[in-house]
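The entries follow the order in which I went through the model.

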Amino acid sequence: MKKSIVIFGASGDLTYRKLIPALYMNFRKRRLPADTQIIGFSRRPLSDDAFRDKMKEGLLAFVPAEFAQDEWESFARLLSYHPGDVEKLNDYLALAGKINSTDGEDADGLFYLAIAPKFYPIVVRKLDEARLLTPMGKVGYRRIVVEKPFGSDLQTAESLNDELLKVVSEDQIYRIDHYLGKETVQNILVLRFGNAIFEPLWNRNYIDHVQITVAETVGVEHRAEFYDQTGLLRDMFQNHVLQLLALVAMEPPVAIEANALRDEKVKVLRSIREIPEEMSSRFTVRGQYHGYRDEPGVNPHSETETFAAVQLFLDNWRWQGVPFYLRSGKMLKEKLTEIVIRFRRPPLQMFDVLSGVTELSTNHLSITIQPDEGIHLRFMTKVPDGGMMMRPAELDFHYSETFHETPIPESYERLLLDALNGDASLFARKDEIGLAWKFIDGIRRGWIGEAAPALQPYEQGSWGPPGADRLLWKDSRWWEQEDTLHRSEGDSGERTVP
Ligand SMILES: NC(=O)c1ccc[n+]([C@@H]2O[C@H](COP(=O)([O-])OP(=O)(O)OC[C@H]3O[C@@H](n4cnc5c(N)ncnc54)[C@H](OP(=O)(O)O)[C@@H]3O)[C@@H](O)[C@H]2O)c1
């Protein structure tokens with residue numbers, strides 16, 4: 001049976017930088033079925049060869065080390081181009097001829113929506129009108145992969161879901177959050193549920209608080225117009241940050257299987273305590289980097305946030321009373337995605353600590369998603385020849401050292417393969433998306449209410465506005481970042497905690 005992957009938005013950036021390189025890598029690893037065809041669909045009039053040339057250019061730019069001419073020639077034979085407008089039914093009818101197999105049996109079809117969100121309902125409706133969403137043969141599947149953003153608030157996400165669910169069933173929809181395709185994100189599950197030593201400690205009895213940081217060093221780049229209407233909270237928190245929270249906080253699923261996993265994530269999202277509008281300034285911070293308003297495409301009076309920090313609580317048995325501090329921003333000091341689990345102090349401080357490192361005398365576990373993928377466990381150790389003085393030391397695991405023969409694949413590689421294989425574990429379900437939006441909408445209401453926190457400017461290359469530090473200092477805590485986490489030799493770790 002023939003498998004067809006149709007990419008809507010084939011002449012766009014995502015296809016060029018991510019999708020075709022990911023499909024090529026799967027092909028190279030012999031993971032794509034031999035009878036797969038990949039059809040690019042967009043308006044630009046391109047011949048098959050011109051499309052292939054463009055895609056080859058992308059491979060040379062984004063996976064140069066993996067490019068091999070003979071592999072490329074075989075892969076290129078799977079590629080073709082179908083010029084078409086997503087709003088014109090005839091262009092889908094012509095596509096149907098390419099997808100249906102000539103021997104009377106229908107082919108499997110995966111439709112990837114790498115196109116502006118306003119077109120998602122249109123594409124799905126037209127696919128249905130062209131009878132492309134139901135295989136006519138006895139077997140086979142028809143699936144849709146939907147890119148982010150999935151709605152811009154709860155209402156728009158629900159109406160998009162309604163539109164899609166009019167013509168396909170939930171199990172045909174694969175909503176992408178590419179963060180879930182990252183190996184290190186999946187490793188959170190392995191760390192927690194593939195080991196017996198962490199889980200007994202993974203609760204309010206032993207954990208003081210949790211921090212999640214998703215920091216970028218870049219600004220809005222070519223997305224200024226979209227970004228200025230969206231803001232960081234909707235661009236990063238609703239999906240990536242809350243997905244990380246769900247994986248860290250969830251109960252063990254009964255199996256690593258799509259609905260079991262998603263059921264547990266949904267329970268976490270349901271347990272997030274709403275932040276009342278009048279408490280907005282107490283629990284949330286919004287910032288904007290200096291110079292943002294001068295970026296081309298940004299409103300010079302823009303009030304859009306490029307940084308957000310949020311303190312939240314989960315009202316459930318495991319996490320009651322444990323604060324989760326989440327932050328994300330653009331133009332920050334480092335590119336870093338990290339989860340830090342900070343454990344409680346020992347009940348009695350029996351040993352002296354080196355001058356200035358008192359505040360470090362707790363265990364913590366940091367899970368670095370990027371760029372230095374790995375895990376660090378900090379514990380206290382005796383300083384040699386120093387009486388019973390102690391200081392922190394770290395046990396480090398780096399993916400790049402332990403698995404140096406296996407480079408970490410791009411997340412789209414895994415996600416595309418899972419969608420082809422019908423494994424939806426790493427894709428978001430309708431209720432997950434809805435609950436995430438509900439929480440984000442609540443924060444956004446607080447940001448326009450009477451007690452809204454002021455938009456705080458911050459320096460480019462800093463860790464965000466001062467309010468983000470105060471969010472933790474008010475609780476006598478502080479962000480664990482490179483200056484406390486990865487201290488250089490000879491640095492005592494002394495910090496001023498106001
Ligand atoms: N780029 C990324 O890294 C990234 C990351 C995450 C999510 N996404 C999401 O992925 C989607 C695509 O992003 P992108 O960056 O690739 O956008 P893009 O570079 O602007 O590409 C848009 C594509 O849509 C096609 N298109 C526009 N109108 C069309 C029509 N009426 N009929 C057929 N094709 C049409 C364009 O081709 P023609 O002009 O030739 O028709 C082009 O191929 C967006 O939803 C975005 O939010 C992108």
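I began with confidence, and I noted that pLDDT (the predictor's confidence in each residue, from 0 to 100) stays under 50 over residues 484-498. For that stretch the model has 21 contacts beyond four places in sequence, a contact being two residues whose C-beta atoms, placed from the backbone, lie within 7 Å. The chain as a whole has a mean pLDDT of 91, and 93% of its residues reach 70 or more. I kept in mind that this is a predicted model, in which local features need pLDDT of at least 70 and side-chain atom pairs count only at pLDDT 80 or more, while totals for chains, interfaces and linings use all residues. Residues are numbered from 1 along each chain as its sequence is written.

Next I looked at the ligand, which 18 residues surround, the closest being Gly-9, Gly-12, Leu-14, Arg-43 and Arg-44; a residue is counted here if its C-beta atom, placed from the backbone, lies within 6 Å of the molecule. The shell divides into 7 nonpolar, 4 polar and 7 charged residues, where Ala, Val, Leu, Ile, Met, Phe, Trp, Tyr, Cys and Pro count as nonpolar, Asp, Glu, Lys and Arg as charged, and the others, Gly among them, as polar.

I then turned to the helices; these (H or I, at least four residues) and the strands (E, at least two) are DSSP runs, numbered from the N terminus. Helix 8, residues 224-249, bends by about 100° at Gly-231, the bend being the angle between axes fitted to the seven residues ending there and the seven starting there. Because 19 of its 26 residues are buried, helix 8 is largely enclosed by the rest of the structure; buried means that 20 or more other C-beta atoms lie within 10 Å of a residue's own, exposed that 12 or fewer do, and partly exposed is in between, with C-beta atoms placed from the backbone.

Helix 12, residues 411-421, is mostly covered, with 8 of its 11 residues buried, among them Tyr-412, Arg-414 and Leu-416. I asked what covers the buried residues of helix 12, and found that the cover includes strand 1 (3-8), helix 1, strand 4 (108-113), strand 5 and strand 6 (173-175). Just after helix 12, Gly-422 takes a positive phi of about 80°.

Most residues other than glycine have a negative phi, and most peptide bonds are trans. Glu-221 is exposed, with 10 other C-beta atoms within 10 Å.

I also noted a cis peptide bond joining Lys-148 and Pro-149, with omega about 5°; Pro-149 is in the loop between strand 5 (142-146) and helix 6 (154-167). Another cis peptide bond joins Gln-370 and Pro-371, with omega about 5°, and Pro-371 is in the loop between strand 13 (364-370) and strand 14 (374-382).
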